[in-house]
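Here is a friendly briefing to read with the model open beside you.

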Amino acid sequence: MNIVVMGAQWGDEGKGKIVDYLASEAGVIVRFSGGANAGHTIVIGNDKYALHLVPSGILYPDKMVVLGTGMVIDPEALFGELAGLTEKGIDWAGRVLVSDRAHLVLPSHRRIDKEMEAGRKQPIGTTGRGIGVAYGMKSFRDGIRLADIDDPERLVNLEAEDRAFLDLYRDRLLEMKTDLVAFLRKRRNAYVLFEGAQGALLDIDTGSYPFVSSGMSCAAGAAAQGGIGPRGIDRVLGVFKAYTTRVGNGPFPTEFSDDSPGSLQAFIRDTGNEYGVTTGRPRRVGYLDLVALRYACAANSVDRLVLTHLDVYDELESFETCVAYRLRGKLIDDFPASIRDLESAEPVLRRFSGWKTSIKSTRSWEELPRQARDYVQFIEEFTETPVSLISVGSDRTQTIVRESPWTRS
Ligand code: IMP
């Protein structure tokens with residue numbers, strides 16, 4: 001059975017925790033897109049792990065993880081992260097594979113990324129990890145895949161700095177090389193989790209272009225670049241937060257304008273620890289945008305939603321949710337492609353009562369306060385998509401399961 005876990009907002013929805021949670025029943029975890037721009041935090045008891053490239057299932061002792069074809073992999077970041085796992089006592093040897101068709105991020109890509117960003121009149125706010133340049137080189141047909149690194153003819157056009165860099169990592173990378181399509185073909189009956197990075201609204205095609213990342217963070221990315229085809233996907237889970245965050249620049253219709261100490265934005269940022277795992281940047285915060293969420297569900301055939309960070313609302317008397325946009329005097333309820341329209345869109349908000357009690361130790365749907373259930377049911381009706389998991393804290397155990405995603409419907 002193949003399940004895709006993707007972000008349904010602008011990234012940072014809590015995919016890492018959900019993949020880690022679901023991985024207990026999976027045999028293989030394949031990350032299908034992004035690079036070291038991503039940051040996945042996983043909390044197990046008193047231990048906290050920040051992963052950027054390695055799929056979140058690595059923390060279980062018996063799982064195989066694969067860095068898929070759609071990823072752009074910086075070997076320096078990868079081996080730094082693996083060394084960090086070793087220090088924390090995680091034995092990853094023989095369990096981390098890299099698709100031979102995945103592209104590598106080279107030092108020149110990082111440099112050009114920073115130079116291009118500095119030269120932009122409207123900076124995107126990239127993470128500076130060379131991601132867009134590596135994907136660009138791939139499209140130009142000048143990229144370097146793992147399969148190419150021991151073929152001197154493929155490397156002749158590289159700058160000396162990039163060649164010297166590859167020399168440092170070649171042997172270790174080759175030990176992890178796998179043909180992902182063949183690997184999965186031989187495991188047809190395995191339970192495989194396809195882990196996305198970023199989110200639907202940062203996807204190169206469905207996102208708020210050009211304020212997006214450069215990979216396929218949509219569900220189709222798992223099919224195109226995860227080693228299987230579209231009909232191999234059994235279920236698409238869209239992960240979203242009770243509110244919305246965004247890092248970097250670009251339109252964000254429900255963003256709170258007040259960022260002063262004591263404001264709702266500051267409260268949610270601190271309560272939800274909304275600071276970038278990769279860059280440490282404070283995240284921009286706003287109410288849940290159901291117009292955007294419904295768009296993400298439709299564009300990705302999301303068949304189950306996963307709601308995270310619901311406990312961040314525990315202390316609020318009431319809160320709001322965006323159910324339409326007002327654009328130049330007209331009401332619209334579809335997510336526009338034009339950046340100018342998205343920037344001008346004013347959210348039409350609907351107010352909900354808070355529950356004013358801690359739900360962090362709640363483990364069942366029935367135990368959730370009525371106000372929280374009303375909120376979830378409204379989201380389900382609006383998006384026409386059931387919410388099957390609810391996360392009420394960062395620990396693995398703080399999860400309410402309404403329906404196991406591994407159950408075939
Ligand atoms: P890049 O991926 O570094 O090129 O950055 C492009 C845009 O995507 C910037 O706005 C980044 O802040 C954003 N971005 C990239 N990765 C993530 C992520 O994992 N979470 C949230 N935003 C991201």
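Predicted model: local features only at pLDDT ≥ 70, side-chain atom pairs only at ≥ 80, totals over all residues.

**A helix pair**
- Helix H3 (residues 107-119) packs against helix H6 (residues 160-176) at an angle of about 130 degrees, and their axes are 8 Å apart.
- On the H3 side the contact involves Pro107, Ser108, Arg110 and Arg111, while H6 brings Glu161, Asp162 and Phe165.

**Aromatic rings**
- Across the whole structure, a search finds 16 aromatic pairs.
- Tyr191 and Trp406 form a stacked pair, with 4.9 Å centre to centre and 20 degrees between the planes.
- This pair links distant parts of the chain, 215 residues apart: Tyr191 is in the loop between helix H7 (180-185) and strand E10 (192-195), and Trp406 is in the segment after strand E19 (399-401).
- Tyr191 is partly exposed, at 31% relative accessible area, whereas Trp406 is buried, at 5%.
- One aromatic cluster is formed by Tyr243, Tyr313, Phe319, Phe352, Trp355, Tyr375, Phe378 and Phe382.

**Charges over rings**
- Arg172 lies over the face of Phe79, 4.6 Å from the ring centre.
- Arg396 has its charged end over the ring of Tyr60, at 4.3 Å from the centre of that ring.

**Backbone details**
- Most residues other than glycine have a negative phi, and most peptide bonds are trans.
- Tyr209 and Pro210 are joined by a cis peptide bond, with omega about 5 degrees.
- Pro210 is found in the loop between E10 and helix H8 (220-225), and Gln198 also lies in the loop between E10 and H8.
- Gln198 has a positive phi, near 50 degrees, and is buried, with a relative accessible area of 11%.
- Glu384 has a positive phi too, near 55 degrees.
- Is Glu384 buried or exposed? Glu384 is exposed, with a relative accessible area of 73%.

Terms used. Residues numbered from 1 in each chain as written. Heavy atoms only, no water. Axes fitted to C-alpha atoms, helices over the stretch in contact; angles between N-to-C directions. Helix = DSSP H or I, 4+ residues; strand = E, 2+ residues; numbered from the N terminus. Contact = heavy atoms within 4.5 Å. Phe/Tyr/Trp six-rings, centres within 6.5 Å; stacked < 30°, edge-to-face > 60°. Buried < 20%, exposed > 50% of the residue type's maximum accessible area, 1.4 Å probe, protein only. Lys NZ or Arg CZ within 6 Å of the ring centre and 35° of its normal.
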